[in-house]
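I opened a new entry for this structure.

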Amino acid sequence: WFTISSNVTDTQYKVDDLQPDTAYTFRVLAENEVGLSQPGPEVNAKTIQAVKVVRKSVVMEKPKIIEQLKDKQHKENETAVLQCVVSGLPQPTIAWLKDDESIEGEWRYKAATQDNDKGHIVATLTLIKLVLDDEAEFTCEVINDAGRVTTTCELLVDEGEA
């Protein structure tokens, strides 16, 4: 037997870092000024299965926008960088849309994600050599098993100097 904690003052105790598909048996002893009690009934693996289901639901976190996209205005041939900060568990996937259409395959648009020092995801869309047709509403769609959120901005592109 291993001692998990010797100073529990509540009627409940959470055991961290249990591994899936592993059988555990727990027993509880009480101690007071008179001494140590006999162990209570053992808690078997069936109880742990129920705890695992609860724990899975706890680690699911709907995607959340931490920092929204901001409207931008640029001239033709410039580079625009659209950026937002998001979170979610499991880690969400990021999709970029231009006027509600996927930008997948657009060679001048470069999408990237990076973790920041706060454990959030920085989603960036870089648009190189802007043209007037790049003027649009851009949306960052953040999706995981717990849900979906979006943030949107306007990109305005002015004619460059002749």
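I took helices (H or I, at least four residues) and strands (E, at least two) as DSSP runs, numbered from the N terminus. The model is predicted, so I kept local features to pLDDT of at least 70 and side-chain atom pairs to pLDDT 80 or more, while totals for chains, interfaces and linings use all residues. Residues are numbered from 1 along each chain as its sequence is written, and side-chain values use heavy atoms, without hydrogens and water.

**Build.** I found 1 helix and 11 strands in the protein. The order from the N terminus is β-β-α-β-β-β-β-β-β-β-β-β. The protein has 162 residues, and 26% of them count as buried. Buried means under 20% relative accessible area, exposed over 50%, and partly exposed in between (1.4 Å probe, protein chains only).

**Rings.** I looked for aromatic pairs, meaning rings of Phe, Tyr and Trp (its six-membered ring) with centres within 6.5 Å; planes under 30 degrees apart are stacked, over 60 edge-to-face, the rest tilted. There is 1 such pair. The centres of Tyr 109 and Phe 138 are 5.9 Å apart and the planes stand at 70°, so I noted edge-to-face. Tyr 109 is in strand E8 and Phe 138 in strand E10, so the pair ties together parts 29 residues apart in sequence. Both residues are buried.

**Cysteines.** How many disulfides are there? I counted 0, with a disulfide being two cysteine sulfur atoms within 2.5 Å. For Cys 84, the closest cysteine sulfur is in Cys 140 at 3.6 Å, too far for a bond. Cys 84 is buried, at 1% relative accessibility.
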